[in-house]
Amino acid sequence: MRFTIITGLSGAGRSSALKTFEDMGYFCADNIPPALIPAFARLCLARSADAPKNVAVVADMRMGDMFDTIYAAIDELKKMDLELDILFLDASDAALVGRFNQTRRVHPVSGSGNVLSGIFVERDKLQRIKDMANTVLDTTTYNARKLADVLEQKYSQSFDSRLPVSVVTFGYKRGIPIDADLVFDMRFLPNPFYIERLRRSSGLEKDVSSYVLSFPEAEYFLKTTIDLVTYLLPRYLEQDKRQLTIGIGCTGGMHRSVAMGQELYQRLEQLGHKVFIEHRDMNLERESIKKRFYSTNTK
């Protein structure tokens, strides 16, 4: 079990770091009195096999003088069957002052003094644990996304720097997906609905897919959209976006949107993008067509 103690200066990103560890599947706890950390570690070691394997706790100067017990706690942790890791978050005095001014929060160590005096006191008191840390991160130039990326690269076993792309096919009659970033309308293509042999088949089936993709306009759209997405992805990453959702729509969400969305998904995946697909309205439209055209009502 990896047991990570997150500490450092107030305003350097401890809370954001703990959220990132939680997203990575760590069992997390905030502001535990340092004297209780060894008991907490023992409880974690005794958990069931299906519980999260790694643990992260935040310990900092909010505890006041109780923080001094952290060193005895660390000595005790070193005797346990765990991989002890200490992560120290630091930042420049100017960056910390700016963050406190932005949030208008009182520095936990400053008392009635100003923020800068609190930073000086805290920095002095934390120097010993900073010297003990396995990792010291200077977050002066980091935003929350940058800090998360750095921590994921170091601590996550499944880190993937690619921006996830979700392709969602839908029918306009049921509304545009509310979380879609980009929406494309496939109603410029001929509709398989009006061809009897294709009506009951979805865009996942070869006869419908082949028909929809046979038009030059379909191929042009796919190539143009892939170029656009490839151009946008690194720029979205620069702006701290965590996911791109592309809506592909047609009238009912069963034929054209499904065929084009599935093809877009497959081509993006072949290019190495991290991509997912959901055919939101396909089955609903299939049932609707079945009831409207093929059900037999008897009295």
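Predicted model: local features only at pLDDT ≥ 70, side-chain atom pairs only at ≥ 80, totals over all residues.

**Stop 1: the five-stranded sheet**

Begin with S1 to S5, which form an open sheet in the order S2-S3-S1-S4-S5, with parallel pairing. Colour strand S2 (27-30) and strand S5 (135-138) separately: these are the edge strands, and each of them pairs on one side only. From one strand to the next, the twist averages 20 degrees.

Next, select strand S4 (residues 83-90) together with S5; four bridges join this parallel pair. Which residue stands opposite Val 136 of S5? Show side chains here and you will find Phe 88 in that place.

**Stop 2: helices on this sheet**

H1 lies across strand S1 (2-8), S2, strand S3 (55-58) and S4, and its direction is at about 160 degrees to that of S1. H2 also packs on the sheet, where it touches S1, S2 and S3 and makes about 160 degrees with the direction of S3.

Keep helix H2 (residues 37-45) and bring in helix H3 (residues 70-77). Their axes come within 9 Å and cross at roughly 30 degrees. An angle under 35 degrees counts as roughly parallel, and H2 and H3 are therefore roughly parallel to each other. To see the contact, select Ile 37, Pro 38, Ala 41 and Arg 42 on the H2 side, then Ile 70, Ala 73, Glu 76 and Leu 77 on the H3 side. By class, the residues of this contact are six nonpolar, no polar and two charged.

**Stop 3: the largest pocket**

Where is the centre of the largest pocket? Select Gly 11, Ala 12, Gly 13, Ser 15 and Arg 105, which lie nearest to it among the 20 lining residues. The pocket has a volume of about 580 Å³. Helix H1 (14-23), helix H4 (93-103) and helix H7 (144-155) are the elements that give two or more residues to the lining. H1 supplies the largest share, four residues. Colouring the lining by class gives seven nonpolar, eight polar and five charged residues.

**Stop 4: the four-stranded sheet**

Move on to S6 to S9. These four strands form an open sheet, again with parallel pairing, in the order S7-S8-S6-S9. At the edges are strand S7 (182-185) and strand S9 (275-279), each pairing on one side only. Neighbouring strands are turned by 20 degrees against each other on average, direction ignored.

Select strand S6 (residues 165-171) and strand S8 (residues 244-250): seven bridges join them, and they run parallel.

Now show helix H11 (residues 256-270). H11 lies across S6, S8 and S9, and runs at about 170 degrees to S9.

**Stop 5: Tyr 211**

Finish in helix H9 (residues 206-213), where Tyr 211 is found. Which residues does Tyr 211 touch, leaving out those up to four places away in sequence? Select Pro 190, Pro 192, Ile 195 and Leu 198 to see them. Then draw a C-alpha to C-alpha distance from Tyr 211 to His 255: the two are 9.9 Å apart in space and 44 residues apart in sequence.

Notes:
Residues numbered from 1 in each chain as written. Heavy atoms only, no water. Axes fitted to C-alpha atoms, helices over the stretch in contact; angles between N-to-C directions. Parallel < 35°, antiparallel > 145°, perpendicular 65-115°, else oblique. Contact = heavy atoms within 4.5 Å. Nonpolar A, V, L, I, M, F, W, Y, C, P; charged D, E, K, R; others polar. 1 Å grid on protein atoms, 1.4 Å probe; cavity = no way out; pocket = protein on both sides within 12 Å on 5 of 7 lines; lining within 4 Å. Points joined across faces, edges and corners; volume = space filled by probe spheres on them. Pairing = 2+ DSSP bridges.
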